[in-house]
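Visitor: I have a few questions about this one. Can we go through it?

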Amino acid sequence: MQKWDRLNLAYVGCDVHKQRHSAVVLDCFGDRLGTCEVVNRTAAFPEWLAAVQALAPGKQLIFGLENTSTWGRPLAGYLLARDQTVRDVAPIRTARNRKRQPHPDKSDERDALMIARALMQDLGELPATAHDDLLWTLSLTVNQREGLVREQTRVKNRLHALLPHPYPDYAQFFSEPFLKTALAFWTQYPSPGHLAGVSVAALGEFLQEQSHFCLGRKKAVEILALATTAPAQREYQAERDELVRQAVAQLVHLQGGIAQLEAEMGRLVYVVGQQLDTLPGVDVVLAAELLTGIGDVNRFANPDKLSRYAGIAPKEWGSAGKETRTRSEHGRRSLHATFFHVAVAHIQVSKKGEPRCPASRAYYEKKLKEGKSKKTALTCLMRVLVRVVWRMLKHKEPYLKVPQDGAA
């Protein structure tokens, strides 16, 4: 841990926003030296920095920013380029300091003050701000994909609400109602009225063309038989058909966008130079989520710190010589969810009964035999995987095997 000459420090808490940033400067004893505001434009930063330095002449400035990935990124980059010390202050620390006040009011200046106090109190624990354009771009790509996936789910739900009216048995038409062949069918035949006069041969040829001969005459017979059970066509069916076609078009567009983002994600993951995709069950999406969730692995001195950061390490609660360990609900929940998905992928078993990762499956079953619940056993595996991922990132090495308890 870096040693600081606390008497020579001044703390600058910055509450960042889209248009303007507010900053409060504290001396080493927590007394306020002044307040500065700046427009969120790079051209205004030099004058602002000079004003902040004038408030604490001769002092080493420590800047704390609550947001360095979006609105605060230009300011963080400007400060780092001028060899200033910048720390990330999690919003929960700001909120915690505000709640401790006799009157927990909220304003930009008050938030900046709370950030400065958190910076002063927890300087040794706060992570240094990283300004890696590659990881930032990868993070934006991950967020963009997550947004499209959420929108894709909403569109699928709309189709699930539209299709049962013309086709009560639509779920039996295809094994997956939203793959390429099914979407082409819903576009061409959004209701049974469009199948009137369509022969088995014609429908079979259509299905062959869309599925590249995976489906054909047999499936056409099944669909036409199921379509005969549909209720009689009601009024305004043409308008409902158009809704189905619009939803399908939106879904096709979203699927194309997601595929394009995943391809770009794979390219960026390759440029990073890590080999997380060698982990069993980890595709390019999970690899990208791990990289962006962890960031610079060197800020974690050991795997335990990474485990605590992800909220996977147990929460310790002790008093009067008695201690209990419970599941933590803190930490970075998005990273916690990513490790959860990796752990689930590791213990999966194929239809032939073969585990995807034999070592992880054996470890998981060992914990179950020790009397642990499935959820607790999976959490134990997540802690082991944290050590594996930390080692892979630290040494830029491929996956070898899951270590047993205590091994890293």
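Visitor: Is Glu125 buried or exposed?
Guide: Glu125 counts as exposed, at 55% relative accessibility; buried means under 20% relative accessible area, exposed over 50%, and partly exposed in between, with a 1.4 Å probe and protein chains only. This is a predicted model, where local features need pLDDT of at least 70, side-chain atom pairs count only at pLDDT 80 or more, and totals for chains, interfaces and linings use all residues. Residues are numbered from 1 along each chain as its sequence is written, and side-chain values use heavy atoms, leaving out hydrogens and water.

Visitor: What does Glu125 form a salt bridge with?
Guide: With Arg93, the closest N and O atoms being 3.6 Å apart. A salt bridge here is a side-chain nitrogen of Lys or Arg within 4 Å of a carboxyl oxygen of Asp or Glu.

Visitor: And is Arg93 buried or exposed?
Guide: Arg93 is buried, with a relative accessible area of 19%.

Visitor: How many salt bridges does the structure hold?
Guide: There are 14. Another one joins the side chains of Lys367 and Glu370, at 3.6 Å from N to O. Lys367 is buried at 8% relative accessible area, while Glu370 is partly exposed at 46%.

Visitor: Changing topic: how many residues are in the largest nonpolar core?
Guide: It has 44, and Leu276 and Phe339 are among those with the most contacts inside it. Such a core is a set of buried Ala, Val, Leu, Ile, Met, Phe, Trp, Tyr and Cys residues joined through side-chain atoms within 4.5 Å.
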